[in-house]
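Please view the sequence and the structure below, then continue with the notes on pockets, strands and helices.

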Amino acid sequence: MRVQFAIALAHLQRRRRSTLVSLLGIALGVAFFLAVSALMRGSERDFLKRLVDNSPHITVADQYRNARVQPAEVRWPGAAVAISNVKPPVETRGIRSHRSKLETIEAWPGLRVAPVLRGSAVLTFAGQQQGVSLSGIVPARMKDVSTIDEQMVAGTLDDLAAAPNGLVIGQGLAQKFQLGVNSTVSVVTASGARIMKVVGIFRTGNAAYDEGETFTLLKRAQVILARPNRVNRFIIQLNDPQAARDVAAGIEQAIGYKSVSWIEASEDLLSLLLVRNIIMYSVVTAILVVASFGIYNTISTIVMDKRRDIAILKAMGFSAADIRHIFLYQGAIMGLVGSSAGLLLGYGMMHVLASVELKPPGVSDVVHLPVWWGAEQYLLAIGFAMAACLCAAYLPANKAGKQHPVDTLRGAT
């Protein structure tokens with residue numbers, strides 16, 4: 001093995017120009033692989049972080065995934081008579097026995113839960129009207145399951161807890177109505193109109209959310225929406241967001257109400273990210289495949305130039321496998337050296353990309369390119385590069401191993 005390695009290294013040193021060109025191709029391929037992968041994976045993680053942080057990991061609503069089977073159908077399958085135009089009894093919607101179900105969910109390990117009563121209302125101020133979603137919350141619990149307290153630009157959720165008639169609104173709505181902290185607005189629902197005081201303003205950057213979402217105390221919302229002692233959803237955050245699908249299925253089975261994980265709610269976006277990753281890895285792998293043709297050309301030229309040397313080595317007792325190993329070593333050497341140089345170059349490119357600052361039109365905040373620094377992408381880049389180099393070296397190495405020394409020494413072509 002030592003002799004084979006020494007011969008392989010000597011061949012590469014004798015053809016320095018073509019060897020350097022091949023190494024440069026591999027280095028650039030690995031560097032661009034890392035840069036593109038870091039940007040794509042970074043943007044994916046940034047998107048998922050925003051998606052996960054700004055929405056509940058699991059939402060339990062006051063509805064059932066499938067219609068409940070009626071007792072008559074259970075007792076007499078297929079014998080019930082269908083009656084049309086029957087008006088069902090009017091009842092106050094909400095999660096029944098929500099306190100006991102809340103305790104059931106709280107007993108689940110690794111999660112935090114908050115009860116919410118959500119309904120529709122109309123805000124009126126100085127002749128202006130805006131339809132909004134009104135959510136009744138418990139501020140102390142909401143802090144554990146939402147980032148809304150971190151996004152407050154005026155006031156806090158603690159101010160809401162201290163104001164029985166308080167209201168928290170988005171910055172977009174505040175600007176539209178020219179409202180500030182301590183301003184009063186009229187909140188109109190089906191049960192009537194009430195005057196409420198703005199105690200906090202938040203900004204998420206989502207225009208629709210900032211203009212259409214409002215928060216008040218749970219007990220106040222129950223009065224305003226005429227749903228005493230009711231909640232119609234549980235908002236749940238997990239320590240491990242990736243476990244949301246399994247936990248949601250367990251909660252739904254335990255309490256009966258429909259539980260939707262963020263994974264289920266965002267299946268279309270997640271499938272889009274999967275397709276994007278496949279396209280990204282196909283493109284960057286193609287760069288390495290193109291670079292490997294330089295190695296194929298270099299080793300093929302060495303095989304053609306060293307035909308007589310190969311014949312002499314075989315005559316001295318080298319087997320076909322030994323000859324193949326010499327040229328495979330050349331591919332491995334160029335793969336390792338090119339990958340090492342590519343890792344350093346790619347690392348520098350990632351630092352340059354991370355320092356880029358962008359300011360999209362209409363956005364006040366400066367945006368940095370999201371770059372992912374995970375170790376697995378370095379291993380993946382080396383793995384793809386080595387596979388491409390060894391595959392490129394195998395064909396000429398196999399050809400060299402099949403040469404017949406007698407024909408070559410006799411001068412046969």
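The lining of the second largest pocket receives at least two residues from each of α4 (98-106), α5 (139-145) and α9 (218-224). The model is predicted, with local features requiring pLDDT of at least 70 and side-chain atom pairs counting only at pLDDT 80 or more, while totals for chains, interfaces and linings use all residues. Residues are numbered from 1 along each chain as its sequence is written, and side-chain values use heavy atoms, leaving out hydrogens and water. Helices (H or I, at least four residues) and strands (E, at least two) are DSSP runs, numbered from the N terminus.

**The second largest pocket**

- A pocket is an open set of points on a 1 Å grid over the protein atoms alone, where a 1.4 Å probe fits, with protein on both sides within 12 Å along at least five of seven lines; lining residues have an atom within 4 Å of a point.
- The space in the second largest pocket is about 200 Å³, a volume being the space filled by probe spheres set on the points, which are joined across faces, edges and corners.
- Among the 14 lining residues, His98, Arg99, Pro115, Val138 and Leu218 are the closest to the centre of this pocket.
- Eight nonpolar, three polar and three charged residues form the lining; Ala, Val, Leu, Ile, Met, Phe, Trp, Tyr, Cys and Pro count as nonpolar, Asp, Glu, Lys and Arg as charged, and the others, Gly among them, as polar.

**Strands paired with β7**

- Strands pair if DSSP finds at least two bridges between them.
- Strand β4 (residues 152-154) runs antiparallel to strand β7 (residues 192-202), joined to it by two bridges, and Ala154 stands opposite Ile201.
- Strand β5 (residues 166-170) pairs with β7 in the parallel sense over five bridges, with Gly166 opposite Lys197.
- Strand β6 (residues 184-189) pairs with β7 in the antiparallel sense over six bridges, and a hairpin of two residues joins β6 to β7.

**Helix packing**

- Helix α4 packs with helix α10 (residues 244-255) at an angle of about 145 degrees, with axes 11 Å apart; axes are lines fitted to C-alpha atoms over the stretch in contact, and angles run from 0 to 180 degrees between N-to-C directions.
- Lys101, Thr104 and Ile105 of α4 make this contact (heavy atoms within 4.5 Å) with Ile251, Ala254 and Ile255 of α10.
- Helix α12 (residues 267-305) and helix α14 (residues 320-354) pack at an angle of about 145 degrees, with axes 11 Å apart.
- The residues of the contact of α12 with α14 comprise six nonpolar, two polar and no charged.
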